[in-house]
Amino acid sequence: MARKRRRRSLVPQAEQALDRYKYEIASELGLTNQIQTGGWNNLTTRQVGQIGGQMVKRMIQDAEQQLQGKQY
């Protein structure tokens with residue numbers, strides 16, 4: 001029987017920020033009601049991929065803005 005692994009965060013405080021990102025983006029995509037009624041397992045693979053893709057895109061934008069503020 002295979003065990004279900006849960007990923008551990010390198011920075012535990014970051015997990016809360018990522019959850020906020022996830023819910024914020026799900027809300028922007030209009031998926032909040034679907035998550036509230038059926039949970040995250042109720043989403044399609046495509047929907048979950050959209051959320052993850054938008055999270056990565058936003059994190060990259062944030063990092064680029066931070067780097068622009070630091071002139072080397």
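Trainee: Which residues form a nonpolar patch on the surface, and how much accessible area do they have together?

Mentor: In general, patches are made of residues with over 30% relative accessible area and no salt bridge, with nonpolar side chains (Val, Leu, Ile, Met, Phe, Trp, Tyr) joined within 5 Å and like charges within 9 Å. Here Leu18, Val56, Met59 and Ile60 form such a patch, with about 310 Å² of accessible area together, where areas come from the Shrake-Rupley method with a 1.4 Å probe and, for residues, only the protein chains shown count as cover. Please keep in mind that this is a predicted model, in which local features need pLDDT of at least 70 and side-chain atom pairs count only at pLDDT 80 or more, while totals for chains, interfaces and linings use all residues. Residues are numbered from 1 along each chain as its sequence is written, and side-chain values use heavy atoms, with hydrogens and water left out.

Trainee: Which element gives the largest share of the nonpolar patch?

Mentor: Helices (H or I, at least four residues) and strands (E, at least two) are DSSP runs, numbered from the N terminus. The largest share of the patch, three residues, comes from helix α3, which covers residues 45–69. Val56 has its place in helix α3, and Val56 is partly exposed because its relative accessible area is 44%, the scale being buried under 20%, exposed over 50% and partly exposed in between, with a 1.4 Å probe and protein chains only.

Trainee: How many helices and strands are there in the chain?

Mentor: The chain has three helices and zero strands, and along the sequence the pattern reads α-α-α. Of the 72 residues of the chain, 14% count as buried, and the accessible surface comes to about 6700 Å², of which 50% belongs to carbon and sulfur atoms.

Trainee: Which residues make up the largest nonpolar core?

Mentor: A nonpolar core is a set of buried Ala, Val, Leu, Ile, Met, Phe, Trp, Tyr and Cys residues joined through side-chain atoms within 4.5 Å. In this model the largest one has eight residues, namely Tyr21, Ile25, Ala26, Leu31, Ile35, Leu43, Ile51 and Met55. The elements that give two or more residues to this core are α1 (12–28) and α3, and the largest share, three residues, comes from α1.

Trainee: With which residues is Ile51 in contact, leaving aside its neighbours within four places in sequence?

Mentor: Contact means heavy atoms within 4.5 Å. By that rule, and leaving aside those neighbours, Ile51 is in contact with Lys22, Ile25, Ala26, Leu29, Leu31, Trp40 and Leu43. Gln47 also lies in helix α3 and counts as buried because its relative accessibility is 15%; not counting residues up to four places away in sequence, Gln47 touches Leu31 and Gln34.

Trainee: How is a pair of aromatic rings described?

Mentor: A pair of aromatic rings is described by the distance of the centres and the angle of the planes. Rings of Phe, Tyr and Trp (its six-membered ring) pair if their centres lie within 6.5 Å, and planes under 30 degrees apart count as stacked, over 60 as edge-to-face and the rest as tilted. By this rule the count comes to one aromatic pair. The rings of Tyr23 and Trp40 have their centres 5.2 Å apart and their planes at 70°, so this pair is edge-to-face. Tyr23 lies in helix α1 and Trp40 in the loop between α2 (32–38) and α3, so the pair ties together parts that are 17 residues apart in sequence.

Trainee: How many salt bridges does a search of the whole structure find?

Mentor: A salt bridge is a side-chain nitrogen of Lys or Arg within 4 Å of a carboxyl oxygen of Asp or Glu, and the search finds three. Asp19 and Lys22 meet in one of them, at 3.6 Å from N to O, and both lie in helix α1, three residues apart, about one turn of the helix.

Trainee: Which residues are linked in a network of salt bridges?

Mentor: Glu24, Glu28 and Arg58 are linked in this way. Glu24 forms a salt bridge with Arg58, the closest N and O atoms being 2.7 Å apart. Glu24 lies in helix α1 and Arg58 in helix α3, so the pair ties together parts that are 34 residues apart in sequence. For Glu28 and Arg58 the closest N and O atoms are 2.8 Å apart, and this pair links distant parts of the chain, with Glu28 in helix α1 and Arg58 in helix α3, 30 residues apart. Arg58 is buried, with a relative accessible area of 18%, whereas Glu24 is partly exposed, with 41%.
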